[in-house]
Amino acid sequence: MKLLVTGGAGFIGSAVVRLAVSRGHEVINLDALTYAACLENVADVAESPLYTFEKADIRDRAALDAIFAKHKPEVVMHLAAESHVDRSIDGPGDFIETNITGTYNMLEAARSYWVDAGKPESFRFHHISTDEVFGSLSSDPDVQFTETTAYDPRSPYSASKAASDHLVRAWQETYGLPVVLTNCSNNYGPYHFPEKLIPVVILNALAGKDLPIYGDGSNVRDWLYVEDHADALLLVAEKGALGRSYNIGGENERSNLELVQTLCAILDEKQPKAGGGSYSDQITFVTDRPGHDARYAIDPTRIRNELNWRPSVTVEEGLALTVAWYLANETWWRPLQERHGVGKRLGTG
Ligand SMILES: NC(=O)c1ccc[n+]([C@@H]2O[C@H](COP(=O)([O-])OP(=O)(O)OC[C@H]3O[C@@H](n4cnc5c(N)ncnc54)[C@H](O)[C@@H]3O)[C@@H](O)[C@H]2O)c1
């Protein structure tokens with residue numbers, strides 16, 4: 001496949017780019033290089049003849065048209081977005097512009113290119129979204145998000161992603177654009193930007209700082225290892241039914257407190273504290289995020305039955321891989337801690 005991947009210098013996009021190139025796909029990585037981007041994430045493939053980088057902003061329609069005309073992609077995988085819920089609380093404007101208007105521009109640029117090319121049957125626009133569009137679940141383990149769960153977004157971030165999902169479906173219904181959608185749970189793994197919970201906990205633990213847990217730590221997420229997610233995304237891009245959406249989960253629900261305690265236990269084993277004791281002694285409970293959704297959980301039945309996909313690791317296995325990666329890659333994360341807002345408490349409303 002010849003793939004145009006947007007947001008390929010970010011966390012998940014770069015995992016998709018690395019995996020796609022390693023499987024022999026041609027990849028054009030389109031990214032504006034915002035604060036959240038890091039081209040080192042794709043250093044492993046940067047010299048490959050299969051890889052091209054295009055610095056462009058999805059808010060710039062003319063730039064998108066030029067990239068479509070130049071590269072003639074067969075499949076678009078649209079991941080570029082503002083992605084941090086806490087930042088969306090402090091400054092929703094960028095989320096509206098990139099996640100909604102930017103997706104609109106991508107759809108229009110893709111449609112124009114697809115029509116001019118004679119509507120090739122193999123073309124598809126894969127929109128990558130979040131389970132946060134479905135709102136918040138109770139603790140009843142029998143209730144999970146399915147692909148038909150009604151949308152009920154609560155944060156500026158999830159509302160902007162929900163709007164983008166609606167636009168993508170509308171472009172299929174109205175213009176016949178061949179689209180496929182995925183909504184995934186919380187990702188974690190190598191190259192996770194150090195403002196998100198898991199890298200914050202690992203790096204604060206190693207620095208002897210507090211490990212901040214919002215509220216009482218009872219919020220539940222379904223943790224998905226990023227390299228499993230990239231594998232699922234390529235599968236959907238290739239084999240997903242047109243017009244269909246697929247939920248992608250890690251099948252590993254944990255409360256935030258359980259997750260942080262597991263991370264501390266892994267760190268205690270891999271890098272024992274100099275003065276003795278456990279990293280879990282550094283856990284502190286801080287003011288909750290306003291509107292903090294209680295629980296997200298994915299019903300994985302559709303992708304399991306229709307595309308025969310399941311995650312390859314448990315969250316304990318994935319966290320062990322992640323901790324080992326952060327211990328070995330200080331040269332990657334250290335400079336990123338200097339970026340604007342990183343290490344600060346954001347989104348208190
Ligand atoms: N991280 C998660 O747990 C998670 C969960 C569900 C869904 N998602 C979705 O997956 C996608 C990728 O998430 P991520 O965690 O890798 O995000 P990220 O913040 O790590 O990366 C986003 C990338 O998009 C680029 N970008 C931002 N605005 C842009 C613009 N206007 N034009 C071009 N590029 C722009 C950034 O430079 C960055 O490289 C997003 O659409 C997000 O909503 C993420």
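I start with terms. Axes are lines fitted to C-alpha atoms, for helices over the stretch in contact, and angles run from 0 to 180 degrees between N-to-C directions. Helices (H or I, at least four residues) and strands (E, at least two) are DSSP runs, numbered from the N terminus.

I note the ground rules. This is a predicted model, in which local features need pLDDT of at least 70 and side-chain atom pairs count only at pLDDT 80 or more, while totals for chains, interfaces and linings use all residues. Residues are numbered from 1 along each chain as its sequence is written, and side-chain values use heavy atoms, with hydrogens and water left out.

**Entry: α6 and α10.** I looked up helix α6 (residues 197-206) against helix α10 (residues 315-328): the axes come within 11 Å and cross at roughly 55 degrees. That makes α6 oblique to α10. The classes I use are roughly parallel for angles under 35 degrees, roughly antiparallel over 145, roughly perpendicular from 65 to 115, and oblique for the rest. The crossing is right-handed. From α6, Ile198, Pro199, Ile202, Leu203 and Leu206 make the contact, and from α10, Leu319, Thr322, Val323, Tyr326 and Leu327. Contact means heavy atoms within 4.5 Å. I find nine nonpolar residues here, one polar and no charged. Ala, Val, Leu, Ile, Met, Phe, Trp, Tyr, Cys and Pro count as nonpolar, Asp, Glu, Lys and Arg as charged, and the others, Gly among them, as polar.

**Entry: Thr262.** I place Thr262 in helix α8 (residues 256-270). Leaving aside neighbours within four places in sequence, Thr262 touches Glu316 and Leu319. Leu319 also belongs to the α6 contact on α10.

**Entry: α4 and its partners.** Helix α4 (residues 93-116) packs with helix α5 (residues 156-175) at about 20 degrees, axes 8 Å apart. The two are therefore roughly parallel. Their crossing is right-handed. The contact has 11 nonpolar, four polar and three charged residues. Helix α2 (residues 61-71) meets α4 at about 35 degrees, with axes 9 Å apart. This crossing is right-handed too. Arg61, Leu64, Asp65 and Phe68 are the residues on the α2 side. The α2 contact with α4 has six nonpolar, two polar and three charged residues.

**Entry: ligand.** Next, polar contacts, meaning pairs of N or O atoms within 3.5 Å. A backbone N or O atom of Ile12 is 2.7 Å from a ligand oxygen. For Ala32, a backbone N or O atom sits 3.1 Å from a ligand nitrogen. Leu79 has a polar backbone atom 3.0 Å from a ligand oxygen.

Notes:
A crossing is left-handed if the near helix is turned anticlockwise from the far one by less than a right angle, and right-handed if clockwise. A polar contact is a pair of N or O atoms within 3.5 Å; within protein, one must be able to donate a hydrogen and the other to accept it, and residues adjacent in sequence count only if both atoms are side-chain atoms.
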